[in-house]
Amino acid sequence: MEKELDLVKYEIFKHRIYNILEEGRIAIRQVSGSPVVVEGGETLCSLHMANGDPIMTAAGILLHLTGCMDFIYRASEWYKDDPGINDGDQFFFSDPYIGGQHTADMVIIKPIFHGGKHIAWVGSCMHTPETGAIEPGGSPATATEIYQEGIRAQGFKIMDRDRLRPEIFRFIMAATRDPSLLALDTKAKIAANNVCSKRFSSLINKFGFDFVERACGAVIEESESLAREKLRRLPDGSWASCLRGDCSGMKERVFKVACEMTKKGDEIIFDYSGSSSQNEGSINSALPGTRGSLFAVLCSHLFWDIPWSIGMMRPVKLIAPEGSVVNCKFPAACSQAPPTVGNLIIGAALECISKMYIAAGEGFYQDINAAWACGAQHPYFGGINQYGIPFGGAVLDDFASGCGATPLRDGVDSGALLFSPQSNISDVETLEQNIPFMYLARRNATDSGGFGKFRGGNSYEAIYMVYGTEHLRLGGLGIGKKTSVTPGIFGGYPAARIETRVVLNSDLPQWFAKSKWPLTWEETGMLKGEIIDVNSAFPAMPTRTYDIVINRGSGGGGYGDPLDRGPELVLKDVKSFATSLEAARIVYGVAIDERSQLIDYEKTEELRRKIRAKRLSKD
Amino acid sequence: MAGQRIHEYLKINSGGMVECAKCGREICRAGENYKEHAAMREVDPSEVPLRTRDRSIEIYYEYYCPGCATLLEVDAAGPGERPLKDIAINI
């Protein structure tokens, strides 16, 4: 590479293509009306070689770094000769058995031509909140086959030589409950591809085609070279993690996602063979989704300092047996994959990577990280909104989940889910404007992160009521009510369980008449009405104005023995409602006077002595 | 820290033994699963604020240094499950 390319120009080129892809993401967010994209940032733009291999990616969501690639491979295989791949064409895909995680991951890819020759591809991907599935919101708890999970697009040529095909566009819009939102999302991806391809063509004019062609190949070679070099600096060995979910989608079922990571020389294997057989419901991951989940944690924690191209994946081998939850067999449903099995794939791999890092010496110590929240739950819904218009979607407050603790600091409160680290949650006011909900409370949930010498970040807790409609069906997806899906590390505790309660036919109007409303989990239990503490996933139920949802997430995993946490840090947490007095006493062994908010150091010493004695007792 | 670190609180010493980095207590031979030689208690997660509440589905298996009682790992697993061997480093 050094002999053939001007290295200064090469570095400028690399930064330019990254910025071009970021500009594509900005275009998506400016055109789309979807909160999950505009505010949540769940978008991706990627640049590929003419054969489909990813050159570089800019992503708000790391899950899909390999997603566009698989669709490009398939489009090249299927459509090269008939109907042909021409300048100005764009192809629309949404099939988790080809790429992405679930049918909600809708992708549009566009070939880039130069001088009449097809030289590259650009792809745009985003999560679309309505797919026309058996339930509203795109991730139905009751689905047992992918045929019940909405549009499964196989590469419609939605743009034909720069002309939008109205019959395709209308077909896609008509297939979902929220055509206006899907129309904007679809045009957003087309716009992003146009921005990226135009800018890339300008780059060719600036640097010359020969340089650009060689530089694109060099990015992939550089990624592979750096990945192998990094692996060689890490110790050889095997590390294992086993995480457990608690729901199949349809009903309660304990299942495992087991990862054994073996690193030898400059290669690394992630073997998920110990994972459970696939679920009968939609809590499964198809193989492309599993690859995407693994890619997410590799990008964020193992190869964060390496360009994210296909080269990075060449030293990595994934083993995922067919028929398991990590490689469900077609036509199994898999629409709940990302926040369920996907999160467990990520969490288990991260635990293994962190345990490898600690054996690698001081240079890697600061990169150790307990699992980020692997339990997530969010309600999905559909019906008639407050403006009388059909709509569908999901509340994605779970983007405010806690990050894992590290050896040097606490995890970030309400940080992010690892697969989408740039995400934000929507402003309450924006949500209330767009969907028929009114928020009564939203905050960090006390004790939701894993306890430890450094505690995991706490997650959100939100209470909202249906408002302005009598026709809303509301369900939920997730895992982690009955199993600790987010592990701690090296003595740190797992994070809290997730939990959701729905109150139907509540007496909230009577509360309002007294200028009161429930602000905590406990207070929602004082409502009169039908109180339902739902499973981790639950099918859509009819709701209407004044029905209430309270939803609490799981935080990040803790790091190290909680008794190693300084009492002053525990007091600070109690004062900020990050930790309860009960946890301070039971878990941290810190005695704090409730009224004075002062530490009793003598009692603290005695508490900790008793806890240690109990640990070694035979009782 | 002298010796090969394998854990926040554990290292392999020059004698090929896994020892506690805080108190120096030798726990097992390198290559063995330290959890099978550590002190262990089964903790009901419902005793811990906001944790899972069904002991028939999940128990916290807590492993401690038998010398200084430092908490080494909390494995959330089903009743009766064998301790997961999570670390097997090649020396």
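How many residue pairs are in polar contact across the interface of chain A and chain B? The rule finds 26 of them, with both residues of each pair at pLDDT 80 or more. Keep in mind as you look around that this is a predicted model.

Let's start with the overall picture of the contact. Chain A brings 57 residues to it, and chain B brings 43 residues. Between them the two chains bury about 3,800 Å², with 51% of that on carbon and sulfur atoms. On the side of chain A, the residues that lose the most area to chain B are R244(A), R497(A) and R615(A), which together make up 16% of what that side buries.

Charged side chains also meet across the interface of chain A and chain B, where the rule finds nine salt bridges. One of them joins K256(A) to E81(B), at 3.7 Å from N to O.

| Class | Residues of chain A |
|---|---|
| Nonpolar | 22 residues |
| Polar | 14 residues |

The element that gives the most is β8(A), with seven residues.

A strand pairing also links the chains. β8(A) pairs with strand β8 (residues 87-89) of chain B in the antiparallel sense, over three bridges. To find this spot, look for G237(A), whose bridge partner in β8(B) is I89(B).

Definitions and conventions. Residues numbered from 1 in each chain as written. Chains lettered and ligands numbered in written order. Predicted model: local features only at pLDDT ≥ 70, side-chain atom pairs only at ≥ 80, totals over all residues. Heavy atoms only, no water. Contact = heavy atoms within 4.5 Å. Buried area = accessible area lost by both parts, 1.4 Å probe. Salt bridge = Lys/Arg side-chain N within 4 Å of Asp/Glu carboxyl O. Polar contact = N/O pair within 3.5 Å; in protein donor to acceptor, adjacent residues only side chain to side chain. Helix = DSSP H or I, 4+ residues; strand = E, 2+ residues; numbered from the N terminus. Nonpolar A, V, L, I, M, F, W, Y, C, P; charged D, E, K, R; others polar. Pairing = 2+ DSSP bridges.
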